[in-house]
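This briefing is for a reader new to the structure shown below.

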Amino acid sequence: MRFGTDSQVIDCPYCGESYELIVDVSESEQRYIEDCYVCCAPIQFNVTVALNGEVCVLAQHENDC
Ligand SMILES: [Zn+2]
């Protein structure tokens with residue numbers, strides 16, 4: 001059982017800007033859409049948390065899934 005948040009640096013698939021994303025790691029698998037902090041485009045995030053606690057974030061175009 002783990003809880004809390006982690007931060008990951010992601011690259012926006014639209015504008016290419018890197019920024020820090022705060023990830024809720026209480027769920028082992030999540031998909032959600034959040035607007036880019038820089039260009040405000042809707043980014044589809046796929047977040048997976050491995051058993052060892054390693055967080056993997058995929059940022060994709062909204063219609064790319
Ligand atoms: Zn962007």
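S4 and S5 pair in the antiparallel sense over 7 bridges; two strands count as paired if DSSP finds at least two bridges between them. Strands are DSSP runs (E, at least two residues) and helices are DSSP runs (H or I, at least four residues), both numbered from the N terminus. This is a predicted model, in which local features need pLDDT of at least 70, side-chain atom pairs count only at pLDDT 80 or more, and totals for chains, interfaces and linings use all residues. Residues are numbered from 1 along each chain as its sequence is written.

**Confidence**

- The chain has a mean pLDDT of 91, where pLDDT is the predictor's confidence in each residue, from 0 to 100.
- A value of 70 or more is reached by 92% of the residues.
- Confidence is highest in strand S4 (residues 42-49), at a mean of 96, and lowest in strand S2 (residues 18-24), at 93.

**Overall make-up**

- The chain has 5 strands and 0 helices.
- Along the sequence, the pattern reads β-β-β-β-β.
- The radius of gyration of the chain is 12 Å, close to the 11 Å that the globule rule gives for 65 residues, so the chain is as compact as a globular protein of that length.
- That radius is taken over C-alpha atoms, and the globule rule is 2.2 Å times the number of residues to the power 0.38.
- Taken along the principal axes, the C-alpha atoms fill a box of roughly 35 × 20 × 15 Å.
- Of the 65 residues in the chain, 8% are buried. A residue is buried if 20 or more other C-beta atoms lie within 10 Å of its own, exposed if 12 or fewer do, and partly exposed in between, with C-beta atoms placed from the backbone.
- Among contacts with a separation of 6 or more, 31% are between residues 24 or more positions apart. Two residues are in contact if their C-beta atoms, placed from the backbone, lie within 7 Å.

**The sheet of S3, S4 and S5**

- An open sheet is formed by 3 strands in the order S3-S4-S5, with antiparallel pairing.
- Strand S3 (29-35) and S5 stand at the edges with a single partner strand each, so one side of each has no neighbour in the sheet.
- From one strand to the next, the twist averages 25°. Axes here are lines fitted to C-alpha atoms (for helices, over the stretch in contact), and angles run from 0 to 180 degrees between N-to-C directions.
- S3 and S4 run antiparallel and are joined by 7 bridges. Ile33 has Gln44 in S4 as its bridge partner, and Asp35 stands opposite Pro42 in S4.
- Strands of a sheet pair through backbone hydrogen bonds, either parallel or antiparallel.

**Strands S1 and S2**

- Strand S1 (residues 5-11) runs antiparallel to S2, and 7 bridges join them.
- Asp11 has Ser18 in S2 as its bridge partner.

**Hairpins and their turns**

- S1 and S2 form a hairpin with 6 residues between them, and Gly16 in the turn has a positive phi of about 80°.
- The hairpin of S3 and S4 also has 6 residues between the strands. Cys40 is found in the loop between S3 and S4, and its phi is near 65°, a positive value in a residue other than glycine.
- Cys40 counts as exposed because it has 11 C-beta neighbours inside 10 Å.
- S4 and S5 form a hairpin with 5 residues between them, where Gly53 in the turn has a positive phi of about 90°.

**Two residues in their surroundings**

- Ile10 lies in strand S1 and is buried, with 20 other C-beta atoms within 10 Å.
- Leaving aside residues up to four places away in sequence, Ile10 touches Ser18, Tyr19, Leu21, Val57 and Ala59.
- Ile10 and Glu62 are 52 residues apart in sequence, and their C-alpha atoms are 15 Å apart in space.
- Gln60 has its place in strand S5 (residues 55-61). With 14 other C-beta atoms within 10 Å, Gln60 is partly exposed.
- Gln60 and Gly16 are 44 residues apart along the chain, and 11 Å separates their C-alpha atoms.
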